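Work through the exercises below with the sequence and the model at hand. Each task is followed by a solution in steps.

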Amino acid sequence: MFYQIRYQTGEIDDVVKELKKGNIPCMDVESYEELEWVFEQLRAKGISRAENVPYDKSARDRIAEPEFEFRIAFYESDSNQDSLRYIDFYFEPIIDETYDNCGEM
């Protein structure tokens, strides 16, 4: 069975190591604010977002992995932007409010 590690935001060093190996690491984030924080942390490690490359929402099977949000392209800040690296980002699922979990009356 295939098993893939999904890194947490505190594991930026591990994500950078995976990127430099040529792998596509997966990362869990909870919000767009946290995603921006991840961008800042990566930039501090010499990894910049390739702003001219759109986010790829179809990089993974969204039926099998509904929490997959998109794949984002990055490059090492001191290298050519032609050698892109990628991270797959997963957002925590939003729990729909149902009769079972709505407020008490």
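**Exercise 1.** Which residues does Glu69 touch, not counting residues up to four places away in sequence?

Solution. Contact means heavy atoms within 4.5 Å. With that cut-off, Glu69 touches Tyr32, Lys57, Arg62, Phe89, Tyr90 and Phe91. The model is predicted: local features need pLDDT of at least 70, side-chain atom pairs count only at pLDDT 80 or more, and totals for chains, interfaces and linings use all residues. Residues are numbered from 1 along each chain as its sequence is written, and side-chain values use heavy atoms, leaving out hydrogens and water.

**Exercise 2.** With which side chain does the side chain of Glu69 make a polar contact?

Solution. A polar contact is a pair of N or O atoms within 3.5 Å; within protein, one must be able to donate a hydrogen and the other to accept it, and residues adjacent in sequence count only if both atoms are side-chain atoms. The partner of Glu69 is the side chain of Lys57, at 3.2 Å.

**Exercise 3.** Is Glu69 buried or exposed?

Solution. Buried means under 20% relative accessible area, exposed over 50%, partly exposed in between (1.4 Å probe, protein chains only). Glu69 has 16%, so this residue is buried.

**Exercise 4.** In which strand does Glu69 lie, and which strands pair with S4?

Solution. Strands are DSSP runs (E, at least two residues), numbered from the N terminus. Glu69 lies in S4, residues 68–76. Two strands pair if DSSP finds at least two bridges between them. S4 pairs antiparallel with S3 (residues 47–49) over three bridges, and six bridges join S4 to the antiparallel S5 (residues 85–91).

Technical notes:
Helix = DSSP H or I, 4+ residues; strand = E, 2+ residues; numbered from the N terminus.
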